[in-house]
Amino acid sequence: MQNAADARYDKTARLLHWLVVILVAAQFVIGWTMPDVHRDTKPIGEIAWHLGVGTALIAVMAGRIVWRATHQPPSQSMPKALRAVSALTHGALYVLLLVVPLLGWINASSRTWVVKLGGLVALPSLSASGSSFGHAMGDVHSALAWVLLVLIGLHIAGALYHRFVLGDGVLQRMLP
Ligand code: HEM
Ligand code: HEM
């Protein structure tokens, strides 16, 4: 069997994974503690941070998807069913980590807010001012953030299951 240390994800993959973890954790904290967003709300303070950190997350995810499309994860012997559950969870995480922030951006645009990458570089508007589609996407954004949270919980439970129940080297593959 392969040595766990040899079968780790490479440095870039591990860096991107933990960078995304930090950014997503920050997004939930900011999203939950920022003021409620109403018709006349201005994108300042914590809300500006939510947009800046969220767009930085989109950029990091874009890099991560490029990495993933051009690299194979290290091989690991795992029961077929577990492999399928893990592939499904990872796939859904990738999709939601792009869709959730994009929907937030669409909603922000419909409020005529200028969304800035990392709070610095202005990005284009993704929906017309006052559009009902943009408004509805704000609700979908908030609802899908919960789905994302549940998946993250499942993913962490899976990582701990590998470490403490199966005792295989899967968790070590992604440790910094
Ligand atoms: C994975 C990344 C993100 C997560 C986990 C996230 C999470 C959240 C959460 C938890 C809320 C509060 C929902 C509530 O209490 O009802 C929220 C609201 C909001 N977020 Fe995000 N967010 C993300 C990315 C973004 C991005 C990139 C933008 C814009 C560029 C954005 C714009 C907004 C807006 C405008 C609201 C208020 C929506 C409304 O009340 O209609 N979010 N987000
Ligand atoms: C915001 C939280 C997290 C997100 C969004 C996330 C996302 C992901 C994604 C998308 C992958 C798939 C990588 C690939 O093969 O392309 C992955 C792999 C992995 N993650 Fe996370 N992760 C999070 C938190 C954690 C935490 C807290 C742990 C440890 C307790 C962890 C441990 C792992 C491990 C061990 C792998 C590799 C699994 C394997 O080799 O099949 N993750 N993560």
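α1 passes α4 in a left-handed crossing (the near helix is turned anticlockwise from the far one by less than a right angle); helices are DSSP runs of H or I, at least four residues. The model is predicted, with local features needing pLDDT of at least 70 and side-chain atom pairs pLDDT 80 or more, while totals for chains, interfaces and linings use all residues. Residues are numbered from 1 along each chain, ligands from 1 in written order, and side-chain values use heavy atoms without hydrogens or water.

**Exercise 1.** Describe how the axes of α1 and α4 cross.

Step 1. The axes of α1 (residues 11-33) and α4 (residues 132-166) come within 12 Å.
Step 2. They cross at roughly 135°, an angle taken between N-to-C directions on a scale from 0 to 180 degrees.

**Exercise 2.** Which residues of α1 and α4 meet?

Step 1. α1 supplies His 17, Val 24, Phe 28 and Trp 32.
Step 2. In α4 they meet Ala 145, Trp 146, Leu 148, Leu 149, Ile 152 and His 155 (heavy atoms within 4.5 Å).

**Exercise 3.** Which residues coordinate the iron atom of ligand 2?

Step 1. His 17 and His 155 each coordinate the iron through NE2, at 2.0 Å (donors are N, O and S atoms within 2.8 Å, or 3.2 Å for Na, K and Ca).
Step 2. His 17 lies in α1 and His 155 in α4, 138 residues apart, so the pair links distant parts of the chain.

Methods:
Helices (H or I, at least four residues) and strands (E, at least two) are DSSP runs, numbered from the N terminus.
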